[in-house]
Amino acid sequence: MSSRIFGSGIRRREDPRLITGSATYTHDIVLPGMAHAAMLRSSHAHARITRIDTEKARVAPGVVAVYTGADIEGGLQPMPCAWLLPDSELKVAPYPCIARDVVRYTGDIVAVVVAETPYQAQDALDLIEVHYDPLPTVIDPEQAAGADAPKLHAKDINGEDIPGNQAFHWVVAGGGDVDAAFSEAAANGVVIKERILQQRLIPNAMEPRGAVAQYNRATGELTLWNTTQNPHIVRFLCSVVTGVPEDKLRVIAPEVGGGFGSKIAAYPADFITVFCSKTLGRPVKWIETRSENYQATTHGRDHVQDVELAATKDGKITGLRCTVHAGMGAYLSTAAPGIPTILHGLMLSGCYTIPALKEDVYGVYTNGVPVEAYRGAGRPEATFMLERLIDMLAGELDMDPADVRRKNFIPKFDDGHEVVTTLNYDSGDYPGALEKLLEHTGYQALREKQKAGPSNGRRLGLGLSSYVEICGLGPSQVAGAIGFQGGLWESAIVRFHPTGKVHVFIGASPHGQGEETTFAQIVAAEIGVDAGDVKIFHGDTDSTPMGWGTYGSRTTAVGGAALALAVRKIRDKAKVLAAHLLEASVEDMDYEDGKFFVKGSPDKAKTIQDIALMANVAWNMPEGMEAGLEATTFYDPPNFVFPYGAHLAVVEVDTNTGHVELTGYTALDDCGPQINPTIVEGQVHGGIVQGVGQALWEGAAYDESGQLVTGSMLDYALPRADGLPNLDVISTVTRSPHHPLGVKGIGEAGTIASTAAVYNAVMDALRPLGVKRVDMPFTPERVWRAIQEAKGS
Amino acid sequence: MKVPVRITVNGRLIEREVEPRLLLVHFLRVFAELTGTKVGCDTSQCGSCTVLIDGVSAKSCTTLAVQADGADVTTIEGLADGEKLHALQESFWNKHGLQCGFCTPGMILASHELLRTNASPSDDEIRHGLEGNICRCTGYQNIVRAVRDAAGTVAAADK
Amino acid sequence: MFAADFEYYRAGSVAEAGQLLAAHPGAKLLAGGHSLIPLLKLRLAAPAAVIDIGRIAELRGISTDGDGLRIGALATHAEIAASDAVREHAAALAEAAGQIGDPAVRNRGTIGGNVAHADPASDLPTVLAALGATVTVAGSGGERSIAVGDFFTGVMTTSLGENDLLTSIRVPSAAGRGTAYVKFSHPASRYAVIGVAVSLGIGTKGGGWISKIKGEQKETVCTEAAVAVGGLVPTPVRCGAVEAALNDQPPTAETFAAAAAAASGDIGDDLLGDVFASGEYRKAVAPVYVRRAIEAAAGRAG
């Protein structure tokens, strides 16, 4: 196998178990003596609990135990928030695993039942009587910040008041005087204003969440199988909450069926399951239902954005100013404070040169499900804001949206470019990406087609979206500076066995992205073994080194770098050993495709397999060299990586009914060199469709009393195969100058770009009718109403 | 109340006394000990639980085990012929038609139903044929490719 | 999600089902289960007993019968969608059955269960209303027929009595006429936000001897128009004004548009809506779907 393996779209090694039904997800784990837990969740969005009567449930058939908030007192500490945003007046509200006095969203846990079967557990839930004294509710983050809003929390964890339900107020400002830029634009240029609602989204990983806990009373050891994107973080937080020492706690992320951010957080239900196992001394399984997933697994987005763009009359941006009210839900989930701030605000200038900007972000408690990272996490909200404003500016100035972008792009750079938010982008060619996209799609011809006019009440719209994203999180020093309560490095152990086969133990924990395959490709490319000879271990905290998780498109970028560097250490050692065996000096050695040979004499060679054997038997080692062929690397990235691209959506809007049809979509993405282009393309496909979902179908809706109206897949519309066109995916390759493999990340790119592309396309179709704005998702009714209102005005 | 049921799962007869409320999917996962069939929703929407009952696709989360009494049920575990993967399994693998894999068993069996009723579907027909199966990872595009590819393989084998 | 426990009885015949219904008041009938099981799982229904009629042979089958179709209560949506007889005599019914849920749902869901469940967002009741179908019911007093117009009494309510069992549905043949079903699907549930069924003949007017004396030409016109709308109203609504505006009028775009516009009056003001689509919106755009259904039916007529 040669270095050609890097860049080869080989099929995934994960798949044989997945296509035959032999993979083991958390739900599939069965242990002897296992009991089943079910959570009783609040039916009120905000209420005082006056009494809980569990007697009938306790004596119901098969019931092993029932625990309420009073029963876990001392056994389970409150849930910690792990992103303590500095300089933001952060107020972390107490987040009990089981609500004892007050419930704050429909889904807050009030009791747990453990029974012999899941059916019996569910039966017993119906027998628990909870008496509630309802309190006023608030769901909208802007209203929740209002003076007369219901107060959700009496005090924060430090005993301080939380005025205006404000969890934090974070500001990013950079460049020149932004207010002056707006005064100037108001006098001599253009000011664009918009209110953007980034609706609440339900992540909908197809595998519902769950946990299986097995406590061994004799040893005090506990194993937790958990649907998580980051088992090591779960181990850390589980230890804090449940009191099981970290050395006796083993967390296993078995097969995990997607996450999209919803499996980053630590969750009360998982730790309650641990508590039950510990208390009862038997294994306990808890698997959420989909309804429960909607009610209690974290949601995404939920921004109310008031945004303003200042520009000259020829379309040059001079300033950006915005205020965001970000709904946090009832409690601060694990990483929540960092999402609408660091991952959003620092990316506000996007692909453009913006001389001055300022954003105020208010994180606000509401009576909704806690909000966390959701695919893109902050960056889609930033990209959407900018791309929308640019299209509005184009409309205002009667320019082509592509021309406004051209006017404002950061020029091509290949080794660093500092933007106004102080980030240092690594490399990019934003104008080049857009031009290639426009050429590939025949953009001008499409514009001509659009001009040819509507037929049958249908209107064509084109929408562009240029994006750059921050991923490969990130230097740990930066993590500390921004309040992230952990590191952001990754580690890998590479071990050669005597026959030249390789085991890799890696901290990152993929859950559908295919890194078992791409990691093996990295090893194969770096040291010339066959990818099939490399086994990847991940997801078990007992056997893998520390990892900080798979999110933020960081697993290949950071974990992959750690792995490549570990293999390079092995290569260096192997070279010394080969020189020794060939009685040559190390300086005279060359390496190519798994062979170490004396320069100019390719026949005088040792293969990596020869070296592996000798290193393991250690019969003939150089003076002072340790036996074995194994290396560990901790890779702490020197900077983030910044993938980018440009997307074009084509829609047709039926103006008679308001129906929107996505008829075409082309994506150009640049994530650096692609280790496995097939997998890259798959990530782009999935990402695009998730973003399309936000634009066209998805949105969590609550009623006045805080009940989730879109409480099941009957009401929450997900993209399906039949509502989508074939997607056209192309790419360019720009290396990251600071990354050992030059790679960036691709997991979120599609989602970050596509919502804005589709939104802009629909508004492009509607603009001639006088439609100014429509809230997402574009339900037929919303589009139709906007058309009627425009007709009326 | 328990009632006796006899269900042949992937060729193996399984007899049990079950509560009438037991869903077929739980019969398969618990009594047949075949966990390839997944539960992804409560409302018959996601299709992760799709199996074949007497060769015809059904959502096993919306079917009581008692309704399948006497039936032949095929799950994802029973689709391959020993070591030899079914053409759909091969195509899903070759065309990268899956990522996290959770929807995949249902998706493959729904595709099986599609090809049973339409041997050479167009892309549009494939998309409509899979309307009852939700995938959150792939954006469906490579699933469509996989089904198209499998249809070709099956057609070629029939020639 | 797990149903509450219930007792289970399997009926071998219609007569036995009747006896079981009488013996277990409040029992629910189970056919394909695609209306009942979701309710049981969500514990929105918790009957003490469930009577499985899914294996009663006499409830199966689709046959032509004199001047129409007899569709057994256990005929599945998939069978109806694929039936040559249904396509010949009631194409809109096949068209609607093929749009219910998804393929796996259509394989198990039955017309009897669907109709008896009387979900206003369901597809088949609308088509049956347009086609003038009758529902055959076995009850304690023997067998009787109920016109579809009298069968649906409200949201999820019908004129079926406690001990009644829907056995079959008779659909008069619409062969020679064009029939069509046009649906605005809810993107999540796949149920009908609006469903329109149309049956339409294209015939001639005039050409008799009086016309000849008067010098009038034979004229192609719409005949026997039957239009029903569902999804936005508690029960399927026959659109008399639309039908009147079609009959005897030439099958032109102008006729269709004018007729469709009359749908608003027929639909009335008892409207269903939800967070996805309000009643007001549904009513406002319903004429668009009515027109499309008329056009589709007209295209198939003659």
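This is a predicted model: local features need pLDDT of at least 70, side-chain atom pairs count only at pLDDT 80 or more; totals for chains, interfaces and linings use all residues.
A residue is called buried here if 20 or more other C-beta atoms lie within 10 Å of its own. In α7(A), the buried residues are A:Pro231, A:His232, A:Ile233, A:Val234, A:Arg235, A:Phe236, A:Leu237, A:Cys238, A:Val241 and A:Thr242. The helix is thus mostly covered, with 10 of its 12 residues buried. The cover over these buried residues includes strands β10 (221-226) and β11 (249-252) together with helix α8 (268-280), which belong to chain A. The length of α7(A), which runs over residues 231-242, also works out: at 1.5 Å a residue its 12 residues should span 16 Å, and the end C-alpha atoms lie 15 Å apart, which agrees. Just after the helix, A:Gly243 takes a positive phi of about 80°.

Further along chain A there is an open sheet of four strands, arranged in the order β18-β26-β27-β28 with mixed pairing. Its edges are formed by β18 (458-468) and β28 (727-731), each of which pairs on one side only. Direction ignored, neighbouring strands of the sheet are turned by 15° against each other on average. Strand β27(A), residues 660-670, pairs with β28(A) in the parallel sense over five bridges. Within β28(A), A:Asp728 is the residue that stands opposite A:Thr666. Helix α20 of chain A, residues 749-766, lies across β18(A), β26(A) (644-654) and β27(A), and runs at about 145° to β18(A).

Helix α19 of chain A can be viewed through one of its residues, A:Val684. This valine is buried, with 29 other C-beta atoms within 10 Å. Leaving aside residues up to four places away in sequence, A:Val684 touches A:Ala667, A:Asp669, A:Val729, A:Ile746, A:Ala749 and A:Gly750. By contrast, A:Tyr119 is 40 Å away from A:Val684, C-alpha to C-alpha, and 565 residues apart from it in sequence.

Chain B itself has five helices and five strands, which follow one another along the sequence in the pattern β-β-α-β-β-β-α-α-α-α. Its radius of gyration is 16 Å, close to the 15 Å that the globule rule gives for 159 residues, so chain B is as compact as a globular protein of that length. The C-alpha trace of chain B spans about 50 × 35 × 25 Å along its principal axes. Of the 159 residues of this chain, 66% count as buried. Among its contacts between residues at least 6 apart in sequence, 59% join residues at least 24 apart.

Strand β3 of chain B (residues 50-53) is covered on both faces: B:Thr50 and B:Leu52 on one side are buried, as are B:Val51 and B:Ile53 on the other. β3(B) pairs with β4(B) in the antiparallel sense over four bridges. In this pairing, B:Ala58 of β4(B) is the bridge partner of B:Val51. The hairpin made by these two strands has two residues between them, and in it B:Asp54 takes a positive phi near 50°. β3(B) also pairs with strand β5(B), residues 72-74, again in the antiparallel sense and over two bridges. There, B:Val73 of β5(B) stands opposite B:Ile53.

Technical notes: Residues are numbered from 1 along each chain as its sequence is written. Chains are lettered from A and ligands numbered from 1 in the order in which they are written. Two strands pair if DSSP finds at least two bridges between them. Axes are lines fitted to C-alpha atoms, for helices over the stretch in contact, and angles run from 0 to 180 degrees between N-to-C directions. Two residues are in contact if their C-beta atoms, placed from the backbone, lie within 7 Å. The radius of gyration is taken over C-alpha atoms; the globule rule is 2.2 Å times the number of residues to the power 0.38. The expected span of a helix is 1.5 Å times one less than its number of residues.
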